[in-house]
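My notes follow in the order I made them.

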Amino acid sequence: MIYVMPAGYRNYYVNDYAGKFLYEDMFIKEFVPFIDSQYRTLADKSHRATLGYSMGGFGALVLPLRNPDVFTVSVPLSISVRTDSQYMSEDASGWDDQWGRLFGGVGATGESRLTDYYKQYSPFHIFAQADLSRLQNLKLYIDNGDDEETLCRSNEELHMLLRDRNFPHEFRVRNGGHEFQYWRDALPNGLHFISDAFERKPYRGDVKSLIKPENVSKSVRLVNESQYKIWLPSEYATTARQYPV
């Protein structure tokens, strides 16, 4: 695989309500085509995956939900997402600076925070739609720690919604919280899930023996660019092979 890690800033990988920072448009319309033009990629939706944690977990889920013609594999970790009730009751200052800024309604309270724009990006509202056929090819693996304060509730509520809608997915709750050790330990199984999906194989199931980071680094090389980092397979320069991303 080729791994690309773009800077997400504080925009949750979405187009903000004010239209001042159209991150999703940049990502889908400019960045993905740029990567395909610069590197030997398998440039189709079945060979593209998203993986991220926290804010990146939100992006890793929402980008495929809104763009199923671009991505069909998603591994969101510790998704920074809110149920409607959490969204409505969040502290005003934190809400205005984050969710209100992104989805509209700065200064709003209660149900008035549930703007139409917010609903276009809320996984809860997207998965509650009557017709989910456009998402039928999405392969989804969610992983969340049991010490995750409010995210325990929201991630579990999302899992229950998916279960009630009979939407196929993998859901894991492991020991840990909002911390890098948890996300590092999630990577081997998350990457196995992605690899099996790329090869159109059933998921092999979780493994307990985790890969140590020092072993992973030997098989890839890092290229630094201005707004993203990219890891290429070690044999990339000597073969004409195309790779999933």
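I began with the second largest pocket and sorted its lining by class: 9 residues are nonpolar, 3 polar and 4 charged. The model is a predicted one, and I read every value here as computed from it. The pocket holds about 220 Å³ of space. Its lining has 16 residues, and I noted those closest to the centre: Leu 138, Lys 139, Leu 140, Pro 168 and Phe 193. I then looked up which elements give two or more residues to this lining, and found strand 4 (139–145) and helix 8 (180–198). Helix 8 has the largest share, with 3 residues.

I found 2 cavities of 30 Å³ or more in the structure.

I listed its lining as Pro 64, Pro 68, Phe 71, Thr 72, Arg 134, Leu 135, Asn 137 and Leu 138. Leu 138 had already come up among the residues closest to the centre of the second largest pocket.

The largest cavity comes to about 50 Å³. I wrote down its lining: Phe 58, Val 81, Arg 82, Tyr 87, Trp 99, Phe 103, Tyr 118, Tyr 121, Ser 122 and Pro 123. Of these, 8 are nonpolar, 1 is polar and 1 is charged. Which helices supply at least two residues each to this lining? I found helix 4 and helix 5.

That sent me to helix 4, which covers residues 92–103. I checked its length. With 12 residues, a straight helix would reach 16 Å at 1.5 Å a residue, but the end C-alpha atoms of helix 4 are only 14 Å apart.

I then asked which residues of helix 4 are buried. They are Trp 95, Gln 98, Trp 99, Gly 100, Leu 102 and Phe 103. My reminder on the geometry: an α-helix has 3.6 residues a turn, so residues three or four places apart point the same way.

What do the buried residues of helix 4 pack against? I noted helix 2 (55–66), helix 3 (84–89) and helix 5 (116–121). Two of the buried residues, Trp 99 and Phe 103, also line the largest cavity.

Last, I looked just past the end of helix 4, where Gly 104 takes a positive phi of about 95°.

How values were computed:
Residues are numbered from 1 along each chain as its sequence is written. This is a predicted model: local features need pLDDT of at least 70, side-chain atom pairs count only at pLDDT 80 or more; totals for chains, interfaces and linings use all residues. Side-chain values use heavy atoms; hydrogens and water are left out. Helices (H or I, at least four residues) and strands (E, at least two) are DSSP runs, numbered from the N terminus. The expected span of a helix is 1.5 Å times one less than its number of residues. Buried means under 20% relative accessible area, exposed over 50%, partly exposed in between (1.4 Å probe, protein chains only). Contact means heavy atoms within 4.5 Å. On a 1 Å grid over the protein atoms alone, a cavity is a set of points where a 1.4 Å probe fits but cannot get out, and a pocket is an open set with protein on both sides within 12 Å along at least five of seven lines; lining residues have an atom within 4 Å of a point. Grid points are joined across faces, edges and corners, and a volume is the space filled by probe spheres set on the points. Ala, Val, Leu, Ile, Met, Phe, Trp, Tyr, Cys and Pro count as nonpolar, Asp, Glu, Lys and Arg as charged, and the others, Gly among them, as polar.
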